[in-house]
Amino acid sequence: MWKYLDIHSMHRLEKTANTEEMREVLAELLGLSCPEQSLKEAITLDLFSHALIFCRQQGFSLEQTSTACALLQDLHKACVATPLGNVEECYRYFISVLFCHGVRRPPFSINLFREEQLLALADYVVNTYFRHFKLYKYVFTPQVRLDLSLTYMGLQPPKLLPEEETEKGGEEVEQGISPQEEPETGVQPEPEPEPSEVSSLQAYIRTQMNKELRQLQQLMEEQLQASEERLSSKLTTLERPFQPPSGKGKNKTK
């Protein structure tokens, strides 16, 4: 309660006469400088302005409206905290925090919302935010790119260009050292691999890396698909009307 929109902010929003004035005041309270030019700020303003309209239609009090907006904002922060798919974690987090405001068990929870208000708020968030969860994540999370740098162990460094060899030879002459005057050692230098061997090694490693990346991508897609199916089944279950179990009170026949 009063986490993001305090009591003075709620009084300012309550005094607005129309939707446009309410959006202007809300943009100022949320720190949105220019929602007309910023896509993210425009989406944020639409998200919370529609939430305020919903709270007014449900007849929520100032405390309930402030708490509902705080729940939605914390849910949005949990969504955009990572570019990975975390829809199930966000759903469990929202339900747990929502129930903390529907049961009186101080200091862990308070009964700020009635049962029908909790159900209405849960249905609204599910049908508006979770139905467009991927769109919010796409807009508000940065795109992740993977850059690979391969180092081949046991290979000699690349040969210098002719210009670099000339410059290096000139420096050795200036210092009075000649390549022919270098002392011989008993250790023979290792033969450098031929260019064909290096290219074949690089091609083999590139092929194996592409194979592993394809398998990893397929695994991630399967996990995301399974997660979406589980969430859709949960949403479908929540949208069904509650039916009391039949057969209560009937006598059992021997």
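Biologist: Which residues lie nearest the centre of the largest pocket in this model?
Modeller: The model is predicted. P83, L84, G85, K137 and L224 lie nearest the centre, among 34 lining residues. The pocket's volume is about 1200 Å³.

Biologist: Which helix gives the most to that lining?
Modeller: Helix α9, with 13 residues. α5, α7 and α9 each supply at least two.

Biologist: How do you know that the length of helix α5 agrees with its 13 residues?
Modeller: At 1.5 Å a residue, residues 87-99 should span 18 Å. The end C-alpha atoms are 18 Å apart, so the two agree.

Biologist: What puts the buried residues of α5 on the same side?
Modeller: The buried residues are V87, E88, C90, Y91, F94, I95 and L98. They cover an arc of only 160° around the axis, which puts them on the same side of α5. In general, an α-helix has 3.6 residues a turn, so residues three or four places apart point the same way.

Biologist: Why is Q73 called buried?
Modeller: The cut-off is under 20% relative accessible area. Q73 has 17%, so Q73 counts as buried. Q73 sits in helix α4. Leaving aside neighbours within four places in sequence, Q73 touches Y4, L30 and F48.

Biologist: Which residues have the most contacts inside the largest nonpolar core?
Modeller: V125, Y129 and F130, in a core of 44 residues. Helices supplying at least two core residues each include α1, α4, α5 and α9. Beyond its neighbours within four places in sequence, V125 is in contact with L72, L75, F94 and F130.

Technical notes. Residues numbered from 1 in each chain as written. Predicted model: local features only at pLDDT ≥ 70, side-chain atom pairs only at ≥ 80, totals over all residues. Heavy atoms only, no water. Helix = DSSP H or I, 4+ residues; strand = E, 2+ residues; numbered from the N terminus. Expected span 1.5 Å × (residues − 1). Buried < 20%, exposed > 50% of the residue type's maximum accessible area, 1.4 Å probe, protein only. Arc of directions from axis to C-beta. Core = buried A, V, L, I, M, F, W, Y, C linked by side-chain atoms within 4.5 Å. Contact = heavy atoms within 4.5 Å. 1 Å grid on protein atoms, 1.4 Å probe; cavity = no way out; pocket = protein on both sides within 12 Å on 5 of 7 lines; lining within 4 Å. Points joined across faces, edges and corners; volume = space filled by probe spheres on them.
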